[in-house]
Amino acid sequence: MAIQTPNLIFDHSSSSASINTHYTPMPISSFTISSHITTNITLKSSRNRRTFISSSNQNRESVLEDIKEVNRINQKQKSMTIGPVVQLSGRRLVVKDRTILTDVSENVTTSSGSDSGQTDGGFIGAVFDEKSSRHVVSLGRLNDVRFMACFRFKLWWMAQKMGDKASDIPNETQFLLMETIEEHEKIYVVFLPLIEGSFRACLQGNSRNELELCVESGDLETKGSVFPQTVYVGTGTDPFSVITDAVYRVKLHLKSFKQRKDKQLPGILDYFGWCTWDAFYQDVNQEGVESGLKSLADGGTPAKFVIIDDGWQSVGSDDKKIEESQPLMRLTGIKENDKFQSEDDPTLGIKNIVDIAKNTYGLKYVYVWHAIVGYWGGVRPEAEGMKEYGSLMKHPIASEGIIANDPLWKTDMLVLQGLGLMNPKKVFKFYDNLHRYLAAAGIDGVKVDVQSILETLGSGLGGRVALTQQYHQALHASIARNFPDNGCIACMSHNTDALYCSQQTAVVRASDDFYPRDPVSHTIHIAAVAYNSLFLGEFMQPDWDMFHSLHPAAEYHASARAISGGPIYVSDAPGKHNFDLLKKLVLPDGSVLRAQLPGRPTKDCLFIDPTRDGVSLLKIWNMNKYTGVIGVYNCQGAAWNEIERKNTFHENQPDAITGTIRADDIHLITNAAVGPDWSGDCVMYRHRTHSLVILPHNASTLVSLRVLEHEIFTVTPIKVLGSGLSFGPLGLIDMFNSGGAIDGLEYTDESGLVIVSMMVKGCGRFGAYSRTKPERCTVGQSEVEFVYESDSGLMVVNLSHMPGEHKCHDIKIHLGIKSMM
């Protein structure tokens, strides 16, 4: 009798997801400073609903009277029910009978998370007496909870912060997850500050130990006073589901973005790649690109995609003399510079290196870099190739929260020299012209950088939200029109202005850069990408960035990329590779064993600080079809320094830290079990020690690691098939994500003979656990030899070559005759 395995691809984006190619720009009345901005705002509570239209010519006294009336009604309501489990009682926010916030301000409002009110969540808002472009209100004091916050420490990037006091919540917090500290059933509460009309919200703590809500438009002329649905609050007993469900509710509410599972993932995710940035920086040329591709192919780990990073475009500085030592470069045309023009036929342009990459080195995808505003300094308005886009010079104005977190922003070149900003009404034409030219040359996608700069340029243009939305609508429409594989990577884009209008892009850089020459950065990088993925992974597939394969921290970075679920690519200089390491990531055909979900911290790591507390290891989990995977990292000793406002070493941690590993650290491990009768027992394979661990249900094992050390555990449920017969597949055990090789698994009983049938990708040593030595093993039509270790139960089959046209080896293992249980 055959036990068929179900489809176990969880939350995996469909490759047939539709792409909207219709471009409808958000109307902006003028590309000059606007003096009349209208904002439609709706205030909801459980008993009343009013609409306020705030504009510069509306009767101020009428607005204030309406606000006072709403406040009088709300004060009469001793308890307002947001949903079945969230209540605002007096001045306390109560979630599932737990008080989360106390001393909530009187002007804070609440409303239902759905029209019916039947949802584990609701909205928080606020009403103010004065119209302004920026408001701050206290939401109260935290009560018996601990939190994990994702906040922007720079304009471009988020990092994590943990604590239990509101005063510890940083400025520019965009994602706040809380856990109640009671010993009985814990609940999880997520706060998502949103976009409301022309305003964008964030959270922050203050010195009075209060959680504050900040709403701002980024334009002094864009004002408002009523914000009823500015923060969504979701709750439940499963933190991962709470986050996903909350973002889903926000999606239904805003109707302005899609979640990751609704988007088409680009093909680069399933292949190994190379980026030119750290190899050449802006000195890249087509000879360098070819040498890098040749070097990787010669070593047996061929790249199948390349990102030609900054350095290929036509740029120039301003004509006027700049007092600063380094003038800011701006885009002067959409075509490549002379470094990417062939001497034999300059008319080929960038198509020349694209043809070489694809025809000589077998690449499937070629991407190039550009900034969302063209180049770092935008465009040169007077340049002949840029005049049609109606550009103006603007000086970025960052929010107070960004300046508080990153005071050096005030001396940034962009602030001092300004940026050439294209008319938002004409930016679609720019993107379409650029992308159409690139697509005609064989380019498959773009990495679009510097995205958060848009929030600083909204003055006189309706504000940060309006400008960001119009640019992103134009970008998405052009990507859909010109790159059918949805080839786009978002970079330097960690602001919610962009996240909450992300309709198209399906890959997002998850943290600040990999810095090969900065020793303080490596542990920080791994922690940041994991915690940021909790939030970013709901919108797009996080990209944990390139790395160097020949580097003191190479294996630390490589193993994390293997379990990230995102693209895997290096930025090695030609000839500087560790091929032994790369072969733990890359198969001979250039494909990789990608995990199915965004890699995220395990549940017991959500609220500990593995970079500062000196006692904790970071555990990251992910899923394959029939196995789970856990990466364990010692990230102690360095973190963001709130006083110096930079990453610093804060303590030496020479001794090893010991932590526990359990099978259910992998949140969805039960979904990897075949059949309904799984007992909870698992087998774990430790990658670095090459050892097998049998882990009974609810048992744990120990791991000890020093700073910059890691371990990878492949975890598979044990299938009991009869007395003395148990089995669990592990995959290609010399690869970091070994279980990603198993594409099919079926158990059959043929007259008492138990046979395990598997479809396996790749080549190398295939491992599995068997309680008893199998009788025989076949690969395809041939019987093959295998090695069996009776002490551990590990069996190993050598797959000497890549599979043929079916892309998978057909492996059958005859376990033996099933005895009566």
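Start by selecting E216: at 7% relative accessibility, E216 counts as buried (buried means under 20% relative accessible area, exposed over 50%, partly exposed in between, with a 1.4 Å probe and protein chains only). You are looking at a predicted model, where local features need pLDDT of at least 70 and side-chain atom pairs count only at pLDDT 80 or more, while totals for chains, interfaces and linings use all residues. Residues are numbered from 1 along each chain as its sequence is written, and side-chain values use heavy atoms, with hydrogens and water left out.

**Stop 1: the partner of E216**

The side chains of R134 and E216 meet in a salt bridge (3.5 Å, N to O); the term stands for a side-chain nitrogen of Lys or Arg within 4 Å of a carboxyl oxygen of Asp or Glu. This pair links distant parts of the chain, with R134 in strand 10 (residues 134-142) and E216 in strand 17 (residues 211-216), 82 residues apart. Helices (H or I, at least four residues) and strands (E, at least two) are DSSP runs, numbered from the N terminus. R134 counts as partly exposed, at 25% relative accessibility.

Next, widen the view: R134 and E216 belong to a network of salt bridges that also links R152, E172, R200, E400, E455, R464 and D497. The structure holds 44 salt bridges.

**Stop 2: K358 and D444**

Which residue forms a salt bridge with K358? Select D444: the closest N and O atoms of K358 and D444 are 2.9 Å apart. K358 lies in helix 5 and D444 in the loop between helix 8 (427-440) and strand 26 (445-449), so the pair ties together parts that are 86 residues apart in sequence. D444 counts as buried at 18% relative accessibility, whereas K358 is partly exposed, with a relative accessible area of 25%.

**Stop 3: inside helix 8**

Move to D432 and R436, which both lie in helix 8, four residues apart, about one turn of the helix. They form a salt bridge, with the closest N and O atoms 2.7 Å apart. Is D432 buried or exposed? D432 counts as buried, at 7% relative accessibility, while R436 is partly exposed at 42%.

**Stop 4**

Finish with D345, in the loop between strand 22 (330-336) and helix 5 (351-360). At 30% relative accessibility, D345 counts as partly exposed.
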